[in-house]
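I opened this structure for the first time today. I kept short notes of what I looked up.

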Amino acid sequence: MNLPETIEQAHEGLMKKEFSCIELIRAYLDKIKKENKELNDFLGLTEDLAEKQAKKVDDKISRREKIGPLEGIPIAVKDNILVKDYEVTAGSKILKNYIAPYDATVVRKLKEAGAIIIGKTNLDEFAMGSSTENSAFGVVRNPVDTTRVPGGSSGGSAVAVAANHCLGALGSDTGGSIRQPAAFCGIIGFKPSYGVVSRYGLIAMASSLDQIGPLARNVEDTRLIFDAIKGKDSFDSTTIEAKDFKNSTHHLRVGIPKEFFSEGIDRELREKVEKEINKFSEVGFEIKEISLPYSEYALAAYYIVMPAEVSANLARYDGVKYGFSHPAGDHPKGGASLLDLYLKTRAEGFGNETRRRIMLGTYVLSAGYRDAYYHKAQKVRALIKQDFERVFKEIDFILTPTTPTPAFKIGEKTDPLSMYLSDIYTVPVNLAGLPAISVPCGKADRLPVGLQIIGPQFKDDLVLEIAQIYEQLHQ
Amino acid sequence: MISKEQVSRINSEQVEHIARLARIELTEEEREKFTKELSSILDYFEKLSKVDTSKIEGISQVTGLEDVMREDDAQKIKGSETRNKILEQAPQKKGDYFQVPKILE
């Protein structure tokens, strides 16, 4: 069968009985099995669950019952999000073979909406990285050019969507991990406002920054998934009910922050983004240059706040409670000490980037350095948030490139700092908790380029509406 | 403020100390590698010293929510099923407890 390209197409195909849900799901599973050897976007398939869910949808269709827009739609889930009774590794050796004891709230909601969970996607270990080269289970390849990275950390989810291994996917975004891979793979990636989507059942990386969001092929599909997963959750006390803003998209003002077009940006990519921004003025948006002076400090503040939270969150992987446990702790037979169990489990269980960030976080929180680093970064974070609040009094949304360069080569960035710099345009958004989406806006040097739309806090619907307007302009 | 003498370098003894605090064993080779990498990241942080934050109060979150409460209802998480699934996967356990190597002689 010919696979559908969008959720809407699949929905129509199911309704018109062009194919059954089980046929659709099996066709997707076959395609994944064939192509995963090269792309490595999936760590595991949830075949039994998917087939069981698909049969239910087929029964409903055969009874001529109406089905919802996500019913029967294959969705992939990043492997740091729990799907009950399936392995969840977070891309780490330390959680290899660990079986999720419950469903994440977003997974429960997708199941309730009738979406089919098709598999778990590859990622940088514990979502730490910008290329999906840090997975303990091998690098993921960009389907646009398999010598290049797909971005990260939600590289597996972005590739799964781009290669039509599913019709939508969940990712998580702590500093750009949904938007950057979406940009590199030429698809859409949406990071909602912090607090709008529950993090219950997301393996924690940096709790004040982490946010789950959808990746998809068009804005409508992105919105369908977002609407299904959002909402206040009593299991995540940081969630809020998204308010309904009455958005009028007439005479909106667009802010272009000059700091996002300066040094370090690829020339061709910059020209492409500037050209696309001009299209907004052609349809009546007022374009204004703005300044976000503290954005220059966002990456430094982020690489203090985030590792600090990482070092606390990852303290739980100690060889005692779950996952990998070094044989040094093979008590009660041997005479190993508890300290040895900790030291060896974490030395062997964690990869380089994870250990680097745990140590960095431990350092910036340690006695004598906490004020100079951690407290300083929290203050700079306040200034970054204020920067955005100030400009949103004069403009309605912001346009920037999603990344400074298109997808780079696998193995190209060996120095950690140069890898960190690929998140320079996405990180400020997480520090301020804002909604932002990356939409494909063409190519530079034959590689996809992403346009980032940033909105005021909790105006997630506005960001999606602007993305949809741009999508129509771009076609 | 961050002063140059205080932070521009981290030496391998400090990295060893940090690694112990973080409960990560390092080989000598790893220690040298991380020392170099962490130093260059810490150098990058120096740019923050240019920002005047003397009158700024730091933030640790962005929603403004405080003291969020709910009823302490164990039923809600279907206690035993989840608990059993977690305990089943413990590397070492004794009855309903996680087991660790002896810490007292």
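The entries below follow the order in which I looked.

**Ground rules.** I am working with a predicted model, in which local features need pLDDT of at least 70, side-chain atom pairs count only at pLDDT 80 or more, and totals for chains, interfaces and linings use all residues. Residues are numbered from 1 along each chain as its sequence is written, while chains are lettered from A and ligands numbered from 1 in the order in which they are written.

**Sheet in chain A.** I looked up the strand order and found an open sheet of 11 strands, 1-3-2-4-6-5-10-11-9-7-8, with mixed pairing. Helices (H or I, at least four residues) and strands (E, at least two) are DSSP runs, numbered from the N terminus, and two strands pair if DSSP finds at least two bridges between them. Strand 1 (42-45) and strand 8 (286-290) of chain A are the edge strands, each pairing on one side only. I then checked strand 1 of chain A, which is joined by 3 bridges to strand 3 (residues 116-121) of chain A, running antiparallel. A:Gly44 has A:Lys120 in strand 3 of chain A as its bridge partner.

**Helix 9 of chain A.** I asked whether helix 9 is enclosed or open, and how far it spans. Of its 16 residues, 14 are buried (20 or more other C-beta atoms within 10 Å of a residue's own, C-beta atoms being placed from the backbone; 12 or fewer is exposed, in between is partly exposed), so helix 9 of chain A is largely enclosed by the rest of the structure. Its end C-alpha atoms are 22 Å apart, which agrees with the 22 Å it should span at 1.5 Å a residue; the expected span is 1.5 Å times one less than the number of residues.

**Where chain A touches chain B.** I noted 57 residues from chain A and 44 residues from chain B in the contact (C-beta atoms, placed from the backbone, within 7 Å). Helix 12 (371-391) of chain A is among the helices that supply at least two residues each to this side of chain A; helix 12 of chain A gives the most, with 12 residues.

**Helix 3 of chain B.** I found B:Phe34, B:Leu38, B:Ile41, B:Leu42 and B:Phe45 buried here. Seen down the axis of helix 3 of chain B, the buried residues fall within an arc of 95° (directions from the helix axis to the C-beta atoms), so they line one face. The face turned away from that buried side carries exposed B:Glu29 and B:Ser40.

**A:Asn352.** I placed A:Asn352 in helix 11 of chain A. A:Asn352 is partly exposed, with 14 other C-beta atoms within 10 Å.

Note on methods:
Contact = placed C-beta atoms within 7 Å.
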